[in-house]
Amino acid sequence: MATTTYTVTGMTCGHCVSSVKEEVSEVTGVTGVEVDLATGLLTVQSDNPVEAGQIAAAVEAAGYEVANRS
């Protein structure tokens, strides 16, 4: 199991969190998604590592931006 954390910018409310969670959850291989509105942290769990570009594209599809990955 792999866990990766990203920082998402632009989220301001619960709807923002829901949008990001929904889009990222649809990425192939993702098994869990947690989003913390206060910190902007997006934690992605997957069976195998997922390409960062796929996560960034999903976040952008929700209308937000990945600032960095840790």
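**Core, sheet and cavity**

Tutor: Leaving aside neighbours within four places in sequence, methionine 11 is in contact with Cys16, Val17, Val20, Val35, Asp36, Leu37, Gly40 and Tyr64. Please bear in mind that the model is predicted.

Student: Which residues of the largest nonpolar core touch the most other members?

Tutor: The largest nonpolar core has 19 residues. Methionine 11, whose contacts include Val20 and Tyr64, belongs to the group in question. The residues that touch the most other members are Met11, Val20, Val24, Leu42, Ile55, Val59 and Tyr64.

Student: Which element supplies the largest share of this core?

Tutor: Strand 1, helix 1, strand 2, strand 3 and helix 2 each supply at least two residues of this core. The largest share is four residues, and the element that supplies it is helix 1.

Student: Is leucine 42 buried or exposed?

Tutor: Leucine 42 lies in strand 3. The limit for a buried residue is under 20% relative accessible area. Leucine 42 has a value of 0%, and therefore counts as buried.

Student: How far is leucine 42 from serine 25, C-alpha to C-alpha?

Tutor: Along the sequence, leucine 42 and serine 25 are 17 residues apart. In space, the separation of their C-alpha atoms is 11 Å.

Student: Which residue of strand 3 stands opposite valine 35?

Tutor: Strand 2, residues 30-36, is antiparallel to strand 3 and is joined to it by six bridges. Aspartate 36 has leucine 41 as its bridge partner in strand 3. For valine 35, the residue standing opposite is leucine 42.

Student: Which residue takes a positive phi in the hairpin of strand 2 and strand 3?

Tutor: This hairpin has four residues between the strands. The phi concerned is near 80°. The residue that takes it is glycine 40, which is also among the contacts of methionine 11.

Student: Which residues line the largest cavity?

Tutor: The structure holds one cavity of 30 Å³ or more, and the volume of the largest is about 30 Å³. Strand 1 and strand 3 each supply at least two residues of its lining. By class, the lining has four nonpolar, two polar and no charged residues. The residues themselves are Thr4, Tyr6, Val44, Ser46, Val50 and Ile55.

Student: Where does valine 50 lie, and is it buried or exposed?

Tutor: Valine 50 lies in the loop between strand 3 and helix 2, which spans residues 52-61. Its contacts, not counting residues up to four places away in sequence, are Tyr6, Val27, Thr28, Gly29, Val30 and Ile55. With a relative accessible area of 12%, below the 20% limit, valine 50 is therefore buried.

Student: Is serine 19 buried or exposed?

Tutor: Serine 19 has its place in helix 1. Leaving aside neighbours within four places in sequence, serine 19 is in contact with Ala62 and Tyr64. Its relative accessible area is 16%, under the 20% limit, so serine 19 is buried.

Student: Is glycine 10 buried or exposed?

Tutor: Glycine 10 is found in the loop between strand 1 and helix 1, residues 14-25. Its C-alpha atom is 5.6 Å from that of tyrosine 64, although the two are 54 residues apart in sequence. An exposed residue has over 50% relative accessible area. Glycine 10 has 53%, and is therefore exposed.

Student: To which accessibility class does alanine 57 belong?

Tutor: Alanine 57 is found in helix 2. Its C-alpha atom lies 15 Å from that of threonine 5, a residue 52 places away in sequence. The relative accessible area of alanine 57 is 42%, which falls between the 20% and 50% limits, so its class is partly exposed.

Notes: Residues are numbered from 1 along each chain as its sequence is written. This is a predicted model: local features need pLDDT of at least 70, side-chain atom pairs count only at pLDDT 80 or more; totals for chains, interfaces and linings use all residues. Side-chain values use heavy atoms; hydrogens and water are left out. Buried means under 20% relative accessible area, exposed over 50%, partly exposed in between (1.4 Å probe, protein chains only). Contact means heavy atoms within 4.5 Å. On a 1 Å grid over the protein atoms alone, a cavity is a set of points where a 1.4 Å probe fits but cannot get out, and a pocket is an open set with protein on both sides within 12 Å along at least five of seven lines; lining residues have an atom within 4 Å of a point. Grid points are joined across faces, edges and corners, and a volume is the space filled by probe spheres set on the points. Ala, Val, Leu, Ile, Met, Phe, Trp, Tyr, Cys and Pro count as nonpolar, Asp, Glu, Lys and Arg as charged, and the others, Gly among them, as polar. Two strands pair if DSSP finds at least two bridges between them. A nonpolar core is a set of buried Ala, Val, Leu, Ile, Met, Phe, Trp, Tyr and Cys residues joined through side-chain atoms within 4.5 Å.
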